[in-house]
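Please examine the sequence together with the three-dimensional structure shown below. The paragraphs that follow lead through selected positions and then the surroundings of the ligand.

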Amino acid sequence: MKNYIKARWASFGYAFAGLFDFFSGRHPHAILHLIAAITVLLAAYYFALSPWEWGLIILAIGGVLALEALNSALEYVVDLVQPDFHPLAKKAKDMAAAAVLIFALATLGLASLIFWPKILNLLAN
Ligand SMILES: Nc1ncnc2c1ncn2[C@@H]1O[C@H](COP(=O)(O)OP(=O)(O)OP(=O)(O)O)[C@@H](O)[C@H]1O
């Protein structure tokens with residue numbers, strides 16, 4: 001039991017090592033997504049979103065950041081197994097980037113649905 005807890009605790013530490021690497025500055029997209037996330041969270045606070053709106057925004061931000069982290073992980077693996085140019089390495093990296101783009105666009109749609117009426121309302125008053 002003690003060893004089990006020790007191993008789980010170590011896994012938690014590895015996840016934090018990944019998190020530290022992700023936001024270390026070595027992955028410029030991670031920093032861009034973080035800045036965008038903080039901006040959206042500040043806007044959410046300003047417009048006093050409902051709990052449901054907060055929940056959707058938090059899930060969407062978490063999804064974008066998690067997908068970007070997976071994209072970076074895949075880049076590491078591709079660079080490890082195929083440091084030289086290879087058409088399949090290109091396809092793998094481009095597809096992973098597409099996954100982030102798809103989720104980011106969906107998040108943009110969600111944010112527009114939530115914020116646009118509130119912005120219009122603010123402009124009208
Ligand atoms: N080994 C490779 N073979 C073929 N094309 C590659 C290879 N490595 C990278 N590429 C191409 O270059 C693009 C950019 O790859 P890169 O690894 O620099 O990622 P990035 O999107 O710039 O992310 P980051 O800035 O986080 O490193 C890939 O999407 C792919 O099209």
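**Annotated positions and the ligand shell**

Glu-75 is located in helix H3, where helices are DSSP runs of H or I with at least four residues and are numbered from the N terminus. The model is predicted: local features need pLDDT of at least 70, side-chain atom pairs count only at pLDDT 80 or more, and totals for chains, interfaces and linings use all residues. Residue numbers start from 1 along each chain as its sequence is written.

Glu-75 counts as partly exposed because it has 16 C-beta neighbours inside 10 Å; a residue is buried with 20 or more other C-beta atoms within 10 Å of its own, exposed with 12 or fewer, and partly exposed in between, the C-beta atoms being placed from the backbone. Under "binding site", an unreviewed UniProt entry lists Tyr-14, Glu-75, Lys-93 and Asp-94; such annotations may be inferred rather than shown by experiment. These positions span 81 residues in sequence and their farthest two C-alpha atoms are 26.7 Å apart, so they do not all gather at one spot. Asp-94 belongs to helix H4 and, with 9 C-beta neighbours inside 10 Å, counts as exposed.

Around the ligand there are 13 residues, the closest being His-27, Phe-85, Ala-89, Lys-90 and Lys-93; a residue is near a molecule if its C-beta atom, placed from the backbone, lies within 6 Å of it. Helix H2 (28-46), helix H3 (51-81) and helix H4 (87-124) each give two or more residues to this shell. H4 gives the most, with five residues.
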